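Welcome! Please have a look at it before reading on.

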Amino acid sequence: MTLEPILHIENYSKHFDLHEQGTQIPSSHNVSLNVYSGRLTALVGPTGAGKSTVLKGVYRTYLPSTGRLLYRNGSNHLIDLAQADEHQILALRKTEISFVTQFLHALPRQATEDVVAQPLFQRGVDREESREKARTLLAAMNLPERLWGISPATFSGGEKQRVNLARGLIAKPRLLLLDEPTASLDKKTSERVVRLIEQLKDEGTAILAIFHHPELIARMADQVIELEAPCDNTQFLAEVC
Amino acid sequence: MSSVQSFGYLDEYAKKEVRRSALKAVAIPGYQVPYSSREMPMGRGFGTGGLQLTLSLIGSQETLKVIDQGSDDSVNAVNLRSFIEMTCPGIDTTTKTAEASLIQSRHRIPEQPLREDQIIVLQVPYPDPLVLVEPSEDKRKQMHGEMDYSRLLVKLYEDMVRFDEITISHRYPTRINGQYVLDPSPIPRWDVPKMNHSNALILFGAGREKKIYAVPPYTDAEPLVFSDVPFRVEDFSDASGGRRACRICGCRSSFLDEYSDSRTGETVYQCSDADWCEELSQSTEKPAGVSNA
Amino acid sequence: MHKVLNVSSLSKVYGPGCSDCFTLTGPQHDTNICPRCKSVVAAHNVSFDLYQGEILGIMGESGSGKSTAVKCLYFDEPPSSGRAMFFDATGKQHDLFSMNAARQRWLANHHFGMVYQNPHLGLNFGITAGGNIAERLLMSEVDSYTEIRSRAKELLTRTEVLTERMDELPKNFSGGMQQRVQIAKALATQPNLLFLDEVTTGLDLSVQAAILDLILEIQQEMTTAMIVVTHDLGVIRLLAGRTLVMKYGRVIESGLTDQILEDPQHAYTQRLVASAL
């Protein structure tokens with residue numbers, strides 16, 4: 001294991017300018033952290049501290065307002081994810097960085113096993129081979145076999161979450177971003193999923209994660225980063241909550 | 001005819017323009033050269049395009065043959081011939097293909113192979129083969145310029161889909177010198193191969209559409225086809241598969257017209273080319289493939 | 001993945017044009033009609049790159065100029081200014097707007113495909129579905145009837161049109177089926193670059209989903225680069241990796257599609273995203 005972090009975040013901040021309302025909403029504030037290969041870095045903090053915003057900043061779903069997000073890619077080049085060219089980000093998403101959110105966006109007609117196999121399709125893996133891997137993973141996550149062939153659009157929250165996770169894990173990314181991956185799972189299923197994540201970690205994947213349950217943090221995190229709510233968002237939170 | 005009437009009816013400027021257009025047509029094989037088609041003392045559509053070419057090319061030493069669908073005696077041929085004779089004093093006319101130096105024809109190329117010293121002028125109603133697929137002349141010109149004949153081929157494709165064969169009987173689109181596709185006037189498919197590397201110059205005149213074009217001697221003329229669907233000419237086989245013969249001369253190698261005998265009600269066949277038929281009937285030595293019916 | 005297209009500073013003005021056209025129009029002036037000369041600035045300074053296998057979305061309301069860019073690139077309209085470089089599969093460069101019309105049409109026939117919102121624009125309704133595909137193949141010098149038949153059959157199968165209907169006229173088809181035939185026709189020459197202009201607009205939701213699905217499958221199988229023009233955020237979300245947002249002929253924002261939808265920077269995009277369902 002190298003001592004070099006795979007991801008080095010330095011003074012990352014993100015605020016949103018809402019032009020219509022003429023307001024600025026702060027989210028993550030001055031976040032610095034490292035993520036290492038084979039280790040799990042957990043983000044903790046109160047609601048509104050900007051935990052998800054850090055993950056979305058790394059994935060570039062959000063454009064960082066300030067700071068550097070230095071990612072060391074598979075060929076050992078440093079890329080600032082905040083500045084990188086969009087094509088470079090797309091290439092990283094395709095081959096190195098996976099993001100498991102709480103929401104599932106899938107094509108309307110696509111069968112679950114195809115949704116899960118998608119990252120492998122994109123990497124040019126043979127279709128049948130990809131599906132076989134998807135089925136193995138879905139079985140390991142305890143998703144009933146009768147669901148594999150149909151679209152996940154009508155699935156329950158827990159089922160969707162497993163499909164999403166399976167899709168994030170299947171290609172064994174170098175960096176995995178997890179946003180409450182077990183939030184809607186029962187204890188037994190959660191345990192299976194956690195074991196899969198641990199297995200991936202053992203194989204060298206670097207993980208940056210937000211967990212709902214404190215016991216999971218205790219069990220899985222190699223490092224915990226505590227975020228504080230930015231000082232002036234209390235009013236905004238009062239409106240939202 | 002008054003003596004001030006110029007030889008060949010047209011004034012010298014008109015003839016000169018037609019000749020220049022014809023030269024351009026020869027220089028750009030298959031290209032439709034526009035020209036200012038003159039008013040003729042007969043309706044457009046009666047062969048005025050061919051007539052203007054003939055009148056511009058003919059000299060008093062010329063021997064002219066005029067045919068209409070192979071026949072020297074049909075109304076159109078007779079009238080055109082007498083008009084030319086009247087306006088071009090001194091020329092000779094003939095019905096014999098071999099004797100003619102200039103042939104004006106409607107809808108046929110003679111069976112008798114033409115020679116280098118002969119010119120055939122064909123009367124054309126519709127010069128542009130693309131008119132079937134594109135109504136705008138502007139766009140058609142562009143398509144010719146880019147050799148974009150795919151939509152013509154789509155017509156052939158649709159024919160194949162619907163009838164299992166290409167059903168175009170006349171005016172078969174033909175590519176000249178590997179470039180422009182022309183409308184060879186309403187000659188039957190039978191005559192299309194005669195244009196390929198013809199010894200004689202073939203000129204086309206469209207009076208109403210004001211176009212002149214040419215297939216120069218010894219030039220490629222290939223009917224538009226798919227690589228795996230060969231071009232075929234009319235089939236004159238009878239029910240048993242034998243080649244039908246002309247009822248007059250017995251020829252089994254010419255293009256035949258089909259008639260219903262008004263006396264017997266029987267369907268009979270005879271050479272479309274009247275001169276060819278007559279030559280064979282009179283000849284004592286029949287060429288191969290000819291028998292007495 | 002190699003670059004397929006580079007567009008820089010593409011502009012299109014309808015009308016006489018004047019020196020103030022570009023300074024007096026655009027989102028900040030809330031118009032694309034020049035107040036001085038009344039010309040319409042349909043597109044100004046549109047620039048982007050496109051890579052093999054990538055789907056780029058161009059989003060905007062009607063009149064934003066989103067289709068104009070595509071029309072220029074497909075040579076349906078000449079641009080007023082700008083440059084576009086196309087790189088074919090062998091890496092050869094083609095300067096799209098400096099070549100003559102014949103070269104342009106040759107290139108479009110051999111390397112581009114276009115699917116229009118209105119199937120009447122993309123299909124010849126007077127000839128059969130197969131004949132429409134044949135036309136594309138014949139344009140790219142396929143001259144064997146048997147080969148044309150089998151390729152047309154293949155393409156229609158791929159786009160899920162019953163091959164028994166191959167010899168029917170497209171006017172007998174449903175709207176969704178017509179789009180499938182159009183897509184099959186556009187794909188006939190295995191284009192490197194496919195333009196899709198509002199292809200699912202006006203179709204039933206279930207048919208829309210199936211067409212989008214088909215487009216994505218094709219993108220993955222053939223690694224075709226695509227430009228998808230639409231006003232539909234859902235279509236953009238499902239198809240495009242990157243998106244340009246246009247308003248009054250200008251690109252007001254561009255970025256990764258998820259970023260455009262979740263963290264839009266421009267006031268207009270924020271309003272657009274907020275008003276979507």
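How much area is buried between chain B and chain C, and what share of it do carbon and sulfur atoms give? In this predicted model, the area buried between the two chains is about 1,500 Å², and carbon and sulfur atoms give 60% of that area. The points below look at this interface and then at the cysteines.

**Who takes part in the interface**

- Chain B brings 14 residues to the contact, and chain C brings 19 residues.
- Three residues, B:Glu146, B:Val154 and B:Tyr157, supply 34% of the area that chain B buries against chain C, more than any other three residues.

**Polar and charged links**

- One salt bridge is found across the interface of chain B and chain C.
- B:Glu146 forms a salt bridge with C:Arg105, where the closest N and O atoms are 2.5 Å apart.
- There are also 7 residue pairs in polar contact across the interface of chain B and chain C.
- On the side of chain B that touches chain C, helix α5 (residues 150-163) of chain B gives the largest share, with 8 residues.
- Sorted by class, that side of chain B has 7 nonpolar, 3 polar and 4 charged residues.

**Cysteines**

- A search of the whole structure turns up 0 disulfides over all chains.
- The closest cysteine sulfur to that of C:Cys34 is in C:Cys18, and because the two are 3.6 Å apart, they are too far for a bond.
- C:Cys34 is buried, at 0% relative accessibility.
- B:Cys88 is buried too, with a relative accessible area of 0%.

Note on methods
Residues numbered from 1 in each chain as written. Chains lettered and ligands numbered in written order. Predicted model: local features only at pLDDT ≥ 70, side-chain atom pairs only at ≥ 80, totals over all residues. Heavy atoms only, no water. Contact = heavy atoms within 4.5 Å. Buried area = accessible area lost by both parts, 1.4 Å probe. Salt bridge = Lys/Arg side-chain N within 4 Å of Asp/Glu carboxyl O. Polar contact = N/O pair within 3.5 Å; in protein donor to acceptor, adjacent residues only side chain to side chain. Helix = DSSP H or I, 4+ residues; strand = E, 2+ residues; numbered from the N terminus. Nonpolar A, V, L, I, M, F, W, Y, C, P; charged D, E, K, R; others polar. Disulfide = S-S within 2.5 Å. Buried < 20%, exposed > 50% of the residue type's maximum accessible area, 1.4 Å probe, protein only.
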